[in-house]
Amino acid sequence: QADIRYRVAWLNNPQVNAYLGDEIKKASLKSETEWFKKYKQDKSKKFFTIFYGATRIGLVGLTHIEKRAKKAELFVMIGEDKFRGQGFGRLSVEFIVNYAFKKLKLRKVALGVFQENKIAIKTYRAVGFEKEGILKDEAYFKGRFHSLILMAIFNK
């Protein structure tokens, strides 16, 4: 709950939300406090705050966790501008994949990434994610359509 104010700032940062798609709404303490209340009750989500020392720098987590199907979707955000591009995203993705496979015993972690988010795609590939498909013109924001690449990694 102490992380809510950071979440608000990060979600409102144009460099962070550039690839969040058409679901961007202005985050507020009220909206994110409500989100957190629902999150605490939701067993299909697990989020972690990313720290560098004592500094909160982002979030990583799993959504749509399905125990029966043994799968989940990955989410990562490096919220502090000065920490982006330094490998923290990759470390965080490696952490959450390891958590999904070893702690939750999942067999698949999937994600969707907009085609123009080249840095994220490179990070996901470096961790072992492979392209499963593409949803052409899946979202409309910033005055144009954007295609979404579907990627996944399997616990072998």
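Figure 1. Strand β2 (residues 55-66) is largely enclosed by the rest of the structure, because nine of its 12 residues are buried. The model shown in this and the following views is a predicted one. Strand β2 pairs with strand β1 (residues 46-52) in the antiparallel sense, through seven bridges. Strand β3 (residues 71-78) is likewise antiparallel to β2 and is joined to it by seven bridges.

**Figure 2. Hairpin of strands β1 and β2.** Two residues lie between β1 and β2 in this hairpin. Tyr52 has Thr55, in β2, as its bridge partner. Gly53 adopts a positive phi near 65°.

**Figure 3. Hairpin of strands β2 and β3.** In this hairpin, four residues lie between the two strands. Lys70, in the turn, has a positive phi of about 55°.

Figure 4. The structure contains 15 aromatic pairs. Tyr6 and Trp10 are both buried.

**Figure 5. Aromatic pair Phe36 and Tyr39 in helix α3.** Phe36 and Tyr39 also form a tilted aromatic pair, with 5.9 Å from centre to centre and 35° between the planes. Because Phe36 and Tyr39 are three residues apart in helix α3 (residues 29-41), about one helical turn separates them. Phe36 counts as buried because its relative accessibility is 15%, the cut-off being under 20%. Tyr39, with a relative accessible area of 14%, is buried as well.

**Figure 6. Aromatic cluster and the charge over Trp35.** Phe36 and Tyr39 belong to one aromatic cluster that also includes Trp35, Phe47 and Phe75. Arg7 lies over the face of Trp35, at 3.6 Å from the ring centre.

**Figure 7. Lys136 in strand β5.** Lys136 is part of strand β5 (residues 130-141). The relative accessible area of Lys136 is 66%, so this residue is exposed; the cut-off for exposure is over 50%. Although Lys136 and Ser147 are 11 residues apart along the chain, their C-alpha atoms are separated by 4.4 Å.

Note on methods:
Residues numbered from 1 in each chain as written. Predicted model: local features only at pLDDT ≥ 70, side-chain atom pairs only at ≥ 80, totals over all residues. Heavy atoms only, no water. Buried < 20%, exposed > 50% of the residue type's maximum accessible area, 1.4 Å probe, protein only. Phe/Tyr/Trp six-rings, centres within 6.5 Å; stacked < 30°, edge-to-face > 60°. Lys NZ or Arg CZ within 6 Å of the ring centre and 35° of its normal. Pairing = 2+ DSSP bridges.
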